Amino acid sequence: MPTTKVPKATPQASRTTLRQRLAELRGPAVAPHPLDARALAALAANPGCRRRALLDGAGVDKAALATALGSPAPFGQSQFAFMRGNAFEAKVKGDGGTELLRLVHERLGTRSPVPSPAPVPGDSLVPDLSAAGPEGRTARTALALREATVAGGWTLLDHPLLALEVAGSPAYLEPDAVVVHPDGRWTVVEIKSFPMIDGSADAAKVGAAARQSAVYVLALEQVAAHAPGASVDHRVLLVCPKDFSNLPTASVVDVRKQLAVTRRQLARLTRIEDIAATLPDGTTFDVELRSGEELTSAVESVPAAYAPECLAACELAFHCRDRARTAGAVESLGRGVRGELGGLTTVGAVLAAAHGEAGDPADPTVAALRRAAALRAEALAQAQVPRQAEAPTRGQALEQAQVLEQARAGR
């Protein structure tokens with residue numbers, strides 16, 4: 001009996017099927033929410049969260065979803081700060097990027113093994129990167145980078161578009177600028193509106209900018225692999241207002257550590273099609289087509305890995321925190337606590353083990369909890385001593401003050 005061969009799905013067909021599945025998840029009429037470098041850096045910091053990986057990969061607007069779930073996230077930038085940031089960026093890039101290229105040469109061009117010549121105003125290139133659609137802009141950016149490397153001069157790419165595959169789905173990233181040096185180096189430039197006072201800025205904000213820039217460097221490395229003579233600098237240039245003025249100043253940030261962490265964490269992400277395959281049929285996160293209860297059921301069908309750090313990086317963090325607290329999950333206490341507690345996954349189990357109501361006494365975790373509970377009980381018992389016995393009376397205090405006064409007078 002002849003056997004019928006089933007044709008294998010081609011990579012193009014697989015991508016088409018995945019694209020259709022992701023469109024169904026976010027809603028057929030909903031435009032995909034862009035996955036920027038800030039969100040990608042946050043995703044890389046928590047690769048075990050399948051919920052965020054799927055929602056970001058599908059382009060779901062997590063802020064709108066969180067509002068529909070009844071747990072809106074207080075994220076967002078004020079209009080004033082947004083306008084101030086745009087005005088500062090325009091100032092930095094004005095006059096064909098003359099000031100920006102001067103800062104790049106001053107901080108990075110003269111520190112290379114072969115110093116690059118100083119950029120001459122008017123001689124640098126600023127190619128047009130406009131094209132149809134994200135695929136077109138990505139291809140145009142890659143072509144401009146290769147052409148600039150071959151030309152051997154200073155080139156400023158204003159808001160180039162880069163592509164990076166994340167868990168089997170493409171993410172499009174748009175850095176503020178990329179500068180091509182005459183020696184073929186590519187440098188990421190990140191422009192921020194927070195001040196740099198006396199040569200230093202807020203450490204938390206600089207760290208966030210470094211993690212975001214590491215994503216851009218990772219995407220650039222994939223383009224440079226197909227551009228002979230090109231290399232991506234692991235040092236990025238952070239441009240900020242100087243002191244309390246609107247004048248630009250710059251600092252070099254080495255992102256090798258953040259780059260290694262981002263590369264390793266993104267490689268650990270489960271592929272999005274594998275996550276989507278586990279969902280019930282008809283699952284969608286379209287806030288226009290589903291009620292709050294249906295959206296809650298859809299969100300809960302995707303496993304999450306909540307940690308308190310998510311509150312500063314994910315729009316769904318408040319919803320996940322409420323669920324973790326309701327379930328008594330120890331994850332709500334932090335990753336460090338979760339790691340120390342081993343097989344004890346709920347707060348109730350931890351308390352029962354600490355009070356001797358459950359748990360194996362031979363378990364080091366249980367033994368440590370019971371020791372901590374005993375120390376706490378001892379401390380509370382000592383705190384029951386009356387205050388009168390501890391603190392001096394008013395008369396005693398006055399007498400002590402007189403003694404000190406006499407001692408100072410030499411009596």
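**Figure 1. Buried residues of helix α11 in a predicted model.** Helix α11 covers residues 317–326, and its buried residues are Ala-317, His-319, Cys-320, Arg-321 and Ala-324. Buried means under 20% relative accessible area, exposed means over 50%, and partly exposed lies in between (1.4 Å probe, protein chains only). Helices (H or I, at least four residues) and strands (E, at least two) are DSSP runs, numbered from the N terminus. The buried residues of α11 pack against α3 and α10 (292–300). Residues are numbered from 1 along each chain as its sequence is written, and side-chain values use heavy atoms, with hydrogens and water left out.

**Figure 2. The whole chain.** The chain has 16 helices and eight strands. Of its 411 residues, 39% are buried. Contact means heavy atoms within 4.5 Å. Among contacts with a separation of 6 or more, 64% join residues 24 or more positions apart.

**Figure 3. Helix α2 and its cover.** Seven of the nine residues of α2 are buried, so the helix is mostly covered. The buried residues are Ala-37, Ala-39, Leu-40, Ala-41, Ala-42, Leu-43 and Ala-44. Their cover includes α3 (50–58), β2 (162–166), β3 (169–173), α7 and α8.

**Figure 4. Packing of α2 on α8.** Two packed helices are described by the angle between their axes and the distance between the axes. Helix α2 (residues 37–45) and helix α8 (residues 256–268) pack at an angle of about 70°. Their axes are 8 Å apart. Axes are lines fitted to C-alpha atoms, for helices over the stretch in contact, and angles run from 0 to 180 degrees between N-to-C directions. The two helices are therefore roughly perpendicular to each other. Angles of 65 to 115 degrees count as roughly perpendicular, under 35 as roughly parallel, over 145 as roughly antiparallel and the rest as oblique. Leu-40, Ala-44 and Ala-45 of α2 meet Thr-262, Gln-265 and Leu-266 of α8. Four residues of this contact are nonpolar, two are polar and none is charged. Here Ala, Val, Leu, Ile, Met, Phe, Trp, Tyr, Cys and Pro count as nonpolar, Asp, Glu, Lys and Arg as charged, and the others, Gly among them, as polar.

**Figure 5. Ala-44 at the helix contact.** Ala-44 sits in helix α2. It is buried, with a relative accessible area of 3%. Beyond its neighbours within four places in sequence, Ala-44 contacts Thr-262, Gln-265 and Leu-266. Ala-44 and Arg-264 lie 220 residues apart in sequence, with 8.4 Å from C-alpha to C-alpha.

**Figure 6. Nonpolar cores.** In soluble globular proteins, nonpolar side chains tend to be buried together. A nonpolar core is a set of buried Ala, Val, Leu, Ile, Met, Phe, Trp, Tyr and Cys residues joined through side-chain atoms within 4.5 Å. The largest such core has 76 residues. Leu-40, Leu-54, Leu-65, Trp-186 and Phe-285 have the most contacts inside it. Helix α7 (residues 203–224) gives the most to this core, with eleven residues. A second, separate core of 16 residues includes Val-92, Leu-108, Trp-154 and Val-179. Leu-40 also has partners beyond its neighbours within four places in sequence: Leu-35, Leu-164, Val-166, Leu-173, Val-215 and Leu-266.

**Figure 7. Thr-149 in helix α6.** Thr-149 belongs to helix α6 (residues 133–151). The residue is buried, at a relative accessible area of 13%. The side chain of Thr-149 reaches the backbone oxygen of Leu-145 at 2.8 Å. Setting aside neighbours within four places in sequence, Thr-149 contacts Val-180, Gly-184, Trp-186, Pro-228, Gly-229 and Ala-230.

**Figure 8. Gly-57 in helix α3.** Gly-57 is part of helix α3. At 17% relative accessibility, Gly-57 counts as buried. Apart from neighbours within four places in sequence, its contacts are Leu-22, Arg-52, Ser-169 and Ile-272. Gly-57 and Gly-168 are 111 residues apart along the chain, and their C-alpha atoms are separated by 8.6 Å.

Figure 9. Most residues other than glycine have a negative phi, and most peptide bonds are trans. Asp-95 is not a glycine, yet has a positive phi of about 55°. Asp-95 lies in helix α5 (residues 79–107). This residue is exposed, with a relative accessible area of 66%. His-159, also not a glycine, has a positive phi of about 50°. His-159 is found in the loop between β1 (155–158) and β2. At 25% relative accessibility, His-159 counts as partly exposed.

Terms used: Predicted model: local features only at pLDDT ≥ 70, side-chain atom pairs only at ≥ 80, totals over all residues. Polar contact = N/O pair within 3.5 Å; in protein donor to acceptor, adjacent residues only side chain to side chain.
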